[in-house]
Amino acid sequence: MHNPFLSRLGKLLFIILCAAGVISGGFLLLCRRGYLDPAGLFGEEPARLTSAPAAIREEEKALPTRAIFLSPEELDQAPAFESVVVTMKEGDGTLGYVSSLELAADLGASSGDPARNTALVALNQTPNLHTVALVSCLRDGTATQADSMALERVSGSPWLDETRTGWLDPAQPRVQAYLIGVCRELAQLGFDEILLTHCCYPTDGDQASLAQQEERAEALETFCRQLQGALADWPVLLSVKGEEDGGSLAPKSGQTAGLLATFARVWAAEEDAAALAAFQPVILPEE
């Protein structure tokens, strides 16, 4: 005997099974093509930052691994070398080029040499020469004089390192905007690579008096991601000088392994190279 209810139930079950098959097939197709990450969907914690793009990793294989420091006054010597590092932002905060940033002008950080930028553009157009702009990122004795930019002591006054130099607070929007502006100007000048030194929290000096002790890694990561994003449309590599504790489980510098892996290259002082061996660092030349 024909039962209309069972007939309708059978049709409904058939439709549900067909829909499930379509959904499953679509899910597998999206996973295979990389649009979905099954590990991320089912509870596995993804890395906070992905590693450097494959295109950058491929390009860096051909990059020079040795370089020499030149001061902005020695640019005429550059053609004799394969790769040169030119300091564009000193630890005292002064810039080695003429900046159009309002804050740089207000603080007197910009170079006063009107011919400097023209010379830098010419340098960066030299055939077969890899140019690296060195930027003292957070160690800055000039910009720390501005409001809401310096790392502070527990008392609220600016924190100073052992050389009496202030450091910028990467969590401050004004700091982020200023450093992004500096790096974008260097990209516009045509540098092949921007190397950030002091892209970390200070690890020496009176650490007990520093107001910001927690969440260093998170604040530094957020700043670096913003900077990387701001330079994404420019044909410039963004590299970083790794600190001795970089990549350790609880780095005082804030440089986690995940963060270091997002940069095009990791450079290191010779004495720190062994600690950073996993990142195959380029040795920073002596000034």
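## A first look at the fold, core and pocket

The protein folds into eight helices and seven strands, taken as DSSP runs (helices H or I of at least four residues, strands E of at least two) numbered from the N terminus. This is a predicted model, where local features need pLDDT of at least 70 and side-chain atom pairs count only at pLDDT 80 or more, while totals for chains, interfaces and linings use all residues. Residues are numbered from 1 along each chain as its sequence is written, and side-chain values use heavy atoms, leaving out hydrogens and water.

**Inside the protein**
- Of the 287 residues, 44% are buried (under 20% relative accessible area, 1.4 Å probe, protein chains only).
- The largest nonpolar core has 57 residues, and Y178, L186, I194 and L196 have the most contacts inside it; such a core is a set of buried Ala, Val, Leu, Ile, Met, Phe, Trp, Tyr and Cys residues joined through side-chain atoms within 4.5 Å.
- Helix 6 (residues 173-189) gives the most to this core, with nine residues.
- Another core, of nine residues, lies apart from it and includes F69, V132, L195 and V282.

**The largest pocket**
- About 680 Å³ of space lies in the largest pocket, a volume being the space filled by probe spheres set on grid points joined across faces, edges and corners.
- Among its 32 lining residues, R139, W167, H198, K241 and E243 are the closest to the centre.
- On a 1 Å grid over the protein atoms alone, a pocket is an open set of points where a 1.4 Å probe fits, with protein on both sides within 12 Å along at least five of seven lines; lining residues have an atom within 4 Å of a point.
- Strand 2 (83-89) and strand 3 (130-136) each supply at least two lining residues.

How values were computed
Buried < 20%, exposed > 50% of the residue type's maximum accessible area, 1.4 Å probe, protein only.
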